[in-house]
2 protein chains.
Amino acid sequence: MAVYTEVSDEALADFLAAYDIGGAISFKGIAEGVENSNYLLLTTAGQYVLTLYEKRVDPADLPYYLGLMTHLAAHGLTCPLPVAARDGALSRTLCGRPAAVQTFLPGVWPRRVRNEHCGAVGTALATLHAAGEGFALTRANALGPSGWRPLYARCAGRADEVRPGLGGEIEAALEAILGAWPEGLPKGHIHADLFPDNVFFLGDRLSGLIDFYFACTDLYAYDVAVCLNAWCFEPDASFNVTKAKLLLGGYTARRPFTAAERAALPTLAAGAALRFLLTRLHDWLHHPPGAFVTPKDPLEYARKLRFHRAARSERDYGLD
Amino acid sequence: MAVYTEVSDEALADFLAAYDIGGAISFKGIAEGVENSNYLLLTTAGQYVLTLYEKRVDPADLPYYLGLMTHLAAHGLTCPLPVAARDGALSRTLCGRPAAVQTFLPGVWPRRVRNEHCGAVGTALATLHAAGEGFALTRANALGPSGWRPLYARCAGRADEVRPGLGGEIEAALEAILGAWPEGLPKGHIHADLFPDNVFFLGDRLSGLIDFYFACTDLYAYDVAVCLNAWCFEPDASFNVTKAKLLLGGYTARRPFTAAERAALPTLAAGAALRFLLTRLHDWLHHPPGAFVTPKDPLEYARKLRFHRAARSERDYGLD
């Protein structure tokens, strides 16, 4: 949760004058999204979300994110649609920051994941991968395998403060996962952060995906592996193979895995767990005291990583 | 800004089942309101605000707050309307806390007060006072004159940590203001906290008032005095008599002051400044380190207090 920037009514009125969406009827900061300032904006034309990009998002990446969302929405994925200003720009400046208007996506994200959600998430992820085909820009995955050693280097000396032995475990995992990392798997535009708070439902029906600010060009099956981590563990860290079967079933019904993708699943899942373990560890060790945001527990992902490193094949994920 | 309570989708669905407002289409925590958890709730029936009352609000006071809002809305004041559950209750329990649904009030609060706002605020406050007539419940003003000495007693030893000499200044003000506090002025239901973030505008038109959780039964003119403090000082702490003239003009056009109210204005304005000085001083000295909310500067109100204590009559506020 965070709203970092206070937008004056005059600044908002000036900003909206560049768009064809009427004047503001209501404007409220939303307590969602850690890195950007998000506002629910109701105008005479309808309901929108206005985002001010704070320091985590590189302005140079905005054409990729906003262009991808526009492309995805035009090719069958339900997601917020960036609204162009009258001059065609998808982002403008507000309060000294890049800012964008997007359509409002109805739905509520599931605070507790139920089995019924998982098949729908798999299907939506396959839809996203198919819808992204043909989008011409690319963005390297800054948090992909090549980023893990540098990220760990910034934490290595202090990993054992979080739990004795954690550093050794991470080093062994890095060695094994990077050594086994697959080559040549199908790739394209991936979400890379499809956690429950980025998936909206209306009742049991999935109503859309949000938050494309980790999207990048990488392995499709790695995106599935992120979802296995995000959706298929219970709060006690046990792996729920029924959820995994449903998620993978939903995905592969729309885009079947290649044999190489199936074989790589344990490595990809372990890599995805390691990625979140490393970013959480980094934030845990480096967050300023008294900051707004409570860092998330890195050890949750150390437990998930152990599960994946012990997995022997795709069968451990419910794939026949 | 604060959302303290995470509401699961199942808990929300159960809660909404007791109302006739349909199912949730969207549910987002709002980064407004320091003491309660507020959510924008869109249902198949329309847009609402759902409030979970955290510890600052005494559940025993909810019938007063929610009943008053219902009464005010029925008597000509535009404010959120509490929505009754199917059994008639204006509040129910959600996540172990008292919770209420209110209609959504369009509008944007002014981040920078302009002269045009002030007349409208005065008019709206007089409308509120008239609309409250006939509402039978009462609630003592816990932050009124009888509460100031006990509040100061909890800060007295440390006031000079904030600024050397502040303690002596407060003690002299307490003595003078309580000694001069008027008796027998017209009283009734007052808002008691009508700051800019509680007043919505659409363009230059005032569209309604929110946040009645300091409302109480007290002097009408004291409510006006709170507004003089909240709306008529510039960011550099200078008093803007044009704004005061507009605010008082808007108010008295609808409800003329009695001679006693006019004469008491400097004392009431000083008392209102002292009330906010004391609560801010208390929060400044007692807020837990690392808490979400940055306490507001008590010295802003020490400066306002000095202005009022130097005022000689209502003429210093632009009243002829």
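Chain A is split by its domain assignment into domain 1 (9-103) and domain 2 (115-317), with bounds that come from an automatic or database domain assignment. This is a predicted model, in which local features need pLDDT of at least 70, side-chain atom pairs count only at pLDDT 80 or more, and totals for chains, interfaces and linings use all residues. Residues are numbered from 1 along each chain as its sequence is written, while chains are lettered from A and ligands numbered from 1 in the order in which they are written.

**The two domains of chain A**
- The centres of domain 1 and domain 2 of chain A, taken over C-alpha atoms, are 27 Å apart.
- Across the boundary, 18 residues of domain 1 of chain A are in contact with 17 residues of domain 2 of chain A (contact: C-beta atoms, placed from the backbone, within 7 Å).
- On the side of domain 1 of chain A that touches domain 2, eleven residues are nonpolar, six polar and one charged (Ala, Val, Leu, Ile, Met, Phe, Trp, Tyr, Cys and Pro count as nonpolar, Asp, Glu, Lys and Arg as charged, and the others, Gly among them, as polar).

**How the chains pair up**
- Chain B and chain A each bring 29 residues to the contact.
- On the chain B side, helix H1 (9-16), S1 and strand S2 (37-43) give two or more residues each (helices, H or I, of at least four residues and strands, E, of at least two are DSSP runs, numbered from the N terminus).
- S1(B) supplies the largest share of that side, six residues.
- The chain B side divides into 15 nonpolar, seven polar and seven charged residues.

**Two residues to look up**
- Phe27(B) sits in strand S1 (residues 24-29) of chain B.
- Phe27(B) is buried, with 21 other C-beta atoms within 10 Å (buried: 20 or more; exposed: 12 or fewer; partly exposed: in between; C-beta atoms placed from the backbone).
- Not counting residues up to four places away in sequence, Phe27(B) touches Val108(A), Leu12(B), Tyr39(B) and Leu41(B).
- In the largest nonpolar core, of 192 residues, Leu247(A) and Leu247(B) touch the most other members (such a core is a set of buried Ala, Val, Leu, Ile, Met, Phe, Trp, Tyr and Cys residues joined through C-beta atoms within 7 Å).

Note on methods
Two residues are in contact if their C-beta atoms, placed from the backbone, lie within 7 Å.
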